[in-house]
Protein chains: 2
Amino acid sequence: VGAPFTPIRLIPDEATIVILDQTALPAREEYARLSSVRAVCEAIRALRVRGAPLLGIAGACGMAIAASDDSHDVSLRRAAADLAATRPTAVELGAAVEAALGAALAIEPAGRAALLWQAASAMLDARRAGDARIGKAGAGLVPHGSAVLTHCNTGALATGGAGTAFAVIRCAWEEGRLTRCYATETRPLMQGARLTTWELLRCGIPATLLPDTAAAALIASGGVQVVITGADRIAANGDTANKVGTLGLALAAQRFTVPFYVAAPHSTFDPRTADGSAIPIEHRAAAEVGGFEGQRWAPEGVEAFNPAFDVTPASLITAFITDRGIILPPYAQGIASLLDER
Amino acid sequence: VGAPFTPIRLIPDEATIVILDQTALPAREEYARLSSVRAVCEAIRALRVRGAPLLGIAGACGMAIAASDDSHDVSLRRAAADLAATRPTAVELGAAVEAALGAALAIEPAGRAALLWQAASAMLDARRAGDARIGKAGAGLVPHGSAVLTHCNTGALATGGAGTAFAVIRCAWEEGRLTRCYATETRPLMQGARLTTWELLRCGIPATLLPDTAAAALIASGGVQVVITGADRIAANGDTANKVGTLGLALAAQRFTVPFYVAAPHSTFDPRTADGSAIPIEHRAAAEVGGFEGQRWAPEGVEAFNPAFDVTPASLITAFITDRGIILPPYAQGIASLLDER
């Protein structure tokens, strides 16, 4: 699965990365060269680069750029603090920066830049390989001649590889199984409308956008044969937190007997979380509801309910598609075995 | 139930109506005086006045204005054609205009203006009385201390009376049963974000807006004790077509055992439609999806799935709330009796 565009590209010789500027999408496909920690921080803060896994890679690259400029402890510590502070709730960003700092400080300054570029590159390679395995594992679950419904953005723009749910969709398309992909708008941040449709069109996959309100009607109509989403955290029993709106899709899929799949790398499974009730749900700003990008439709001052995620009970999930293969119910056992693998 | 604002007001002595200009909401509460058929047509076409029942009243008023100006056959026929052409799919608008024309042509020109003003006024009075009965019947279904979730706009802005689902919410609030009303944004046209929140705040009811994607999470969280919507057409078996997104709410309500009520006047029940599969669903323009009011988020040219309505199976509906009382399952029998009443 080769991507028809490159969300992030490393140029160690020039101590530079090139990112696809996601704020210009879907109107324009613009790439930005980032050659300083300051530029990487600005790009992360401005959401030019986004998506949890891709942010981890961007953070690792930021540390490599820092070491190329000045590989002494104080400089690397400052770079790590600056990078991690750009989006404090992005777990993978913080973890990648922390890991890079630790690895660098363990060796002499002279070797640090080379090590960090190598590590960032290995991280991107691992993501690409993992995503490709998810895609290959999941494509077989898509019957020939299927239309698929997905939610939010789970493609290369989110992970840097082929994506999670999106990797399955692309693989199924390349294997000739897929007729069309339906994408929800994904209020409030519109990742489906802005990013997923763009990726689909860019990959040459026939794409249909729908309001989130129309998803149940689409599923009821028999218009899709498979529903597939990504995941933000999967508990030990299979309960799955993902972008808000996922639960509604899973309920409709069950009612109208359409299979509902969740695609995620094994790192998304959290064995220390027993079930969905233990997953903390981030609630976001009221201003995101009743408006978008400076436009305002609702009366000023109205309160808002704006959870970023919802929790889909394991009983609504037909199977998990991972970089280590498919997991079928009963999930507690399958998830434990998945994480035991070496 | 007295409304704190007046969506339409008749001034027969001045051959004029005053409408609340809904295109200015929620930013400004502006009223427009309409004293010619041309002005009424413009107001309907520009969506200054909207909502199926309210459009019927506006159409009847337009015919009265026409008769006040020139009550001869040719003038009234032209007015009827012009009014009906403003929104060809608005059934109640066309029916009201047709009825007014028929009634006028049956008598001498001299008496026509008075007759049509009287008829329009009676139509508005009947709507107000019917909505008040829906509100009173439904309020008793809202347990004391409840929060309620609703969808789209079903208030005075839609009907000219107290509304349908909204009448129940207002009555429950006035009876001290309600703690808060949650309103979905209602993509793609945002009637919940733009109109329902405005009506709630204007009525002094604590209001919380949510993205359509968050509705299942809200219901799952136990945050609402009742879900209530309006209806566009109810089949003889109780299957209900309503604003797209209703089906998803009903599925979540059933899964998490929250009662799901549909409020509608008896005229919304259609005994000639056997079940939901026989209800034609209007599909609207692709341009409504992936953007709003001139703003565009999705790539140009992406296809869209944009049904205006969905069909909720009768089995998901806890009860119907009508101007003739509550209907409980089995619905086929209850609906038949409802329509047999004189």
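Which residue in strand 14 of chain B is the bridge partner of A:Thr208? Please start there and then lead me through the surroundings.

Reply: Happy to! Keep in mind that this is a predicted model.

The bridge partner of A:Thr208 is B:Glu303, in strand 14 of chain B. This bridge belongs to a pairing that crosses from one chain to the other: strand 6 of chain A and strand 14 of chain B, residues 303–304, run in the parallel sense and pair over two bridges.

Now let's step back to the whole interface. Here 53 residues of chain A are in contact with 53 residues of chain B. The size of an interface is often given as the accessible area lost when the parts come together. For chain A and chain B the buried area is about 4,000 Å², and carbon and sulfur atoms give 70% of that. On the chain A side, the residues that lose the most area to chain B are A:Thr213, A:Trp297 and A:Phe305, which together make up 19% of what that side buries.

Polar and charged groups take part as well. The rule finds 20 residue pairs in polar contact across the interface of chain A and chain B. Between the two chains there are also four salt bridges. For one salt bridge to look up in your viewer, find the side chains of A:Arg187 and B:Glu185, which meet at 2.5 Å, N to O.

Which elements of chain A build its side of the contact? At least two residues each come from strand 5 (178–184), helix 8 (191–202), strand 6 (207–210), helix 9 (215–220), helix 10 (246–255), strand 12 (291–292) and strand 14 (303–304). Helix 10 gives the most, with six residues. Sorted by kind, the residues on the side of chain A that touches chain B are 32 nonpolar, twelve polar and nine charged.

How do the two chains sit relative to each other? A rotation of 180°, with 0.0 Å of shift along its axis, superposes chain A on chain B with an RMSD of 0.1 Å. The two copies are therefore related as by a two-fold rotation axis. The copies also meet through the same surface, because 100% of the interface residues of chain A are interface residues in chain B too.

While you have chain B on screen, a few backbone details deserve a visit. Most residues other than glycine have a negative phi, and most peptide bonds are trans. Against that background, look at the bond that joins B:Arg187 and B:Pro188: this peptide bond is cis, with omega about 5°. B:Pro188 lies in the loop between strand 5 (178–184) and helix 8 (191–202) of chain B. A cis peptide bond also leads from B:Pro329 to B:Pro330, with omega near 0°. B:Pro330 sits in the loop between strand 17 (325–327) and helix 11 (331–340) of chain B. As for phi, B:Leu47 is not a glycine, yet its phi is positive, about 65°.

Strand 8 (residues 233–235) and strand 9 (residues 240–243) of chain B run antiparallel and are joined by two bridges. They form a hairpin with four residues between them, and B:Gly238 in the turn has a positive phi of about 100°. Strand 9 of chain B is also joined by four bridges to strand 15 (residues 309–312), again antiparallel. B:Thr240 links up both ways: it is the bridge partner of B:Ile234, and its own partner in strand 15 is B:Thr312.

Notes: Residues are numbered from 1 along each chain as its sequence is written. Chains are lettered from A and ligands numbered from 1 in the order in which they are written. This is a predicted model: local features need pLDDT of at least 70, side-chain atom pairs count only at pLDDT 80 or more; totals for chains, interfaces and linings use all residues. Side-chain values use heavy atoms; hydrogens and water are left out. Contact means heavy atoms within 4.5 Å. Buried area is the accessible area (1.4 Å probe) that two parts lose on being put together, summed over both. A polar contact is a pair of N or O atoms within 3.5 Å; within protein, one must be able to donate a hydrogen and the other to accept it, and residues adjacent in sequence count only if both atoms are side-chain atoms. Ala, Val, Leu, Ile, Met, Phe, Trp, Tyr, Cys and Pro count as nonpolar, Asp, Glu, Lys and Arg as charged, and the others, Gly among them, as polar. Two strands pair if DSSP finds at least two bridges between them. Copies are superposed by least squares on the C-alpha atoms of residues with pLDDT of at least 70 in both.
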